Amino acid sequence: MNAKILSLQSRNTVDWMDWRWQMKHRLQSVEELAEYIDFNNEKIRDIQMACDVFPMSITPYYASLINKDDPRCPIRMQCIPNPQELIEGRGDMDDPLHEDADSPVPGLTHRYPDRVLLLVTNECSMYCRHCTRKRKVGDNNRCTTEKDIDLGVEYIKAHPEIRDVLLSGGDPFILSTNHLERIIRKVKEIPHVQVIRIGTRTPVVMPQRITDELVRMLKKYHPVWINTHFNHPREFTPEAVQALARLADAGIPLGNQTVLLRGVNDCPVIIKKLSHLLVKNRVRPYYLYQCDLSRGIEHFRTPVAKGIEIMEALIGHTSGFAVPTYVVDAPGGGGKIPVLPNYQLSMTNTKTVLRNYEGVICVYEEPQNPGSGCSPTCSLCKEHIIRHEPVGLQKLFDPSNLTVSLVPEGNRRKARYTARKGEAHVYRNQKK
Ligand SMILES: *Cc1c(COP(=O)(O)O)cnc(C)c1O
Ligand code: SF4
């Protein structure tokens, strides 16, 4: 038996706890994998076919969590290539979230008004089979360079509205502590950046990386927020629990982003159990993502109805802070759209009728004189209005704004209208 495989079975050795050892001994070929799990020839061919298109990489640690007797093991499904990845799904896209299209400089996506996504590497210790950035992760031709990052930093400097910078990838914790610190320092030095966020799957797939050294470095740059990516209760091992404790003890607020995956966690019982384990470990469930339309992950997708069913089973049934926000990241760069079961049944001027998680129907009596509680002299409000034009539906709510409708680009009726009158972008109230 080869040395790598032997070590796979000897957890808690010095090597096992060394993240560089985990990196170096990642299972990246079907031969290496076949030494660890007994596959028949047909299965090996299948895996190889998928690997040829979307590369494989599994840390010995994560591989050790696979239940070898269960072909539908949720750990296995997240890391072992599957020929279904080669099936083209209806609606598959190369860049469903328009991360490239909405990118002013390589590796930076500026979608929301006050925050940006900065990709600091395209490498990960493990390649998740459901990865939305599958076409980029591990691609040596698309390495993030120091220059890309500097361009991103320059962009952030030039945009004072950016107050929150989300470092992601790939997985930022793949970088050496020094390298990561150089990046964080550059971002932190920008005066208008108030918060640094890191998105990482490391506590799940290579918890050994969460060393005291890493945590000591991160602490210097507070506020640093971290979002992890646990998808299944089985990912809570003593190693993962220790990694989370180290981060939480360093005063880092922890969130978790779960992807809803068919056959892995598309069940209210699993997601509830996962949420309970997260909060027990001081991690706040943040988002539950509907699976994206990326190429190669069609077989993981569930109907949106499954997400609604899960939310129905969580809201009210368990602690509010154990309930994530269920979001669909809209194709075409629309961003994350929250989706909820319907709780609001009906309303009149005087009453709103709601139902609760138990199905009880209740009425909320509206106030008799619903004037605004806002003070016309409020300085926060004045300052805000000077700096910000109303956006989206706020335009329709704002009493001083004359917009009466928002019209999608390419609207035919509007095209006829503008052709006739050469009018402005939005309909305005003609009576004024
Ligand atoms: C998810 C995301 C963010 C962060 O969104 P939050 O809702 O603030 O967590 C920022 N930029 C992009 C491009 C994103 O996809
Ligand atoms: S850790 Fe994140 S970026 Fe890396 S493969 Fe997994 S989902 Fe993709």
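How many disulfides does the count come to? In this predicted model, the count comes to 0 disulfides. A disulfide is a covalent bond between the sulfur atoms of two cysteines, and the rule applied here requires a pair of cysteine sulfur atoms within 2.5 Å. Two cysteines illustrate the result. The closest cysteine sulfur to that of C79 belongs to C73 and lies 7.7 Å away, which is too far for a bond. C79 is itself buried, its relative accessible area being 0%. For C381, the closest cysteine sulfur is that of C378, at 5.2 Å, and this distance is likewise too far for a bond. C381 counts as partly exposed, with a relative accessibility of 33%.

The overall architecture was examined next. The secondary structure of the protein consists of 16 helices and 12 strands. A compact globule of 432 residues would have a radius of gyration near 22 Å, and the 25 Å found for the protein agrees with this expectation. Along the principal axes, the C-alpha atoms occupy a box of roughly 85 × 50 × 50 Å. Buried residues make up 46% of the 432 residues of the protein. Of the contacts with a separation of 6 or more, 72% are between residues 24 or more positions apart.

The surface and the charges can be described together. The protein exposes about 22,700 Å², of which 54% is supplied by carbon and sulfur atoms. Its side chains include 58 positive and 50 negative ones, and 5 Å separates the centres of the two sets.

R90 is located in the loop between α6 (74-79) and β1 (108-112), and R90 counts as exposed at 81% relative accessibility. Apart from neighbours within four places in sequence, R90 is in contact with E298 and R301. E161 belongs to the loop between α7 (146-157) and β3 (164-168) and is partly exposed, with a relative accessible area of 38%. The C-alpha atoms of E161 and C267 are 40 Å from each other, at a distance of 106 residues along the chain. When neighbours within four places in sequence are left aside, the contacts of E161 are with H110, P113 and D114.

The backbone geometry was also considered. Most residues other than glycine have a negative phi, and most peptide bonds are trans. The peptide bond joining G169 and G170 is cis, with an omega of about 25 degrees, and G170 is placed in the loop between β3 and α8 (177-188). A cis peptide bond also joins H222 and P223, where omega is about 0 degrees; P223 is situated in the loop between α10 (212-219) and β5 (224-228). R282, which is not a glycine, has a positive phi of about 65 degrees. R282 lies in the loop between α12 (268-280) and β7 (283-289) and is partly exposed, its relative accessible area being 46%.

Key
Residues numbered from 1 in each chain as written. Chains lettered and ligands numbered in written order. Predicted model: local features only at pLDDT ≥ 70, side-chain atom pairs only at ≥ 80, totals over all residues. Heavy atoms only, no water. Helix = DSSP H or I, 4+ residues; strand = E, 2+ residues; numbered from the N terminus. Rg over C-alpha atoms; globule rule 2.2 N^0.38 Å. Buried < 20%, exposed > 50% of the residue type's maximum accessible area, 1.4 Å probe, protein only. Contact = heavy atoms within 4.5 Å. Areas by Shrake-Rupley, 256 points an atom, 1.4 Å probe, with all protein chains shown as cover. Lys, Arg positive; Asp, Glu negative; His and termini not counted. Charge placed at Lys NZ, Arg CZ, Asp CG, Glu CD.
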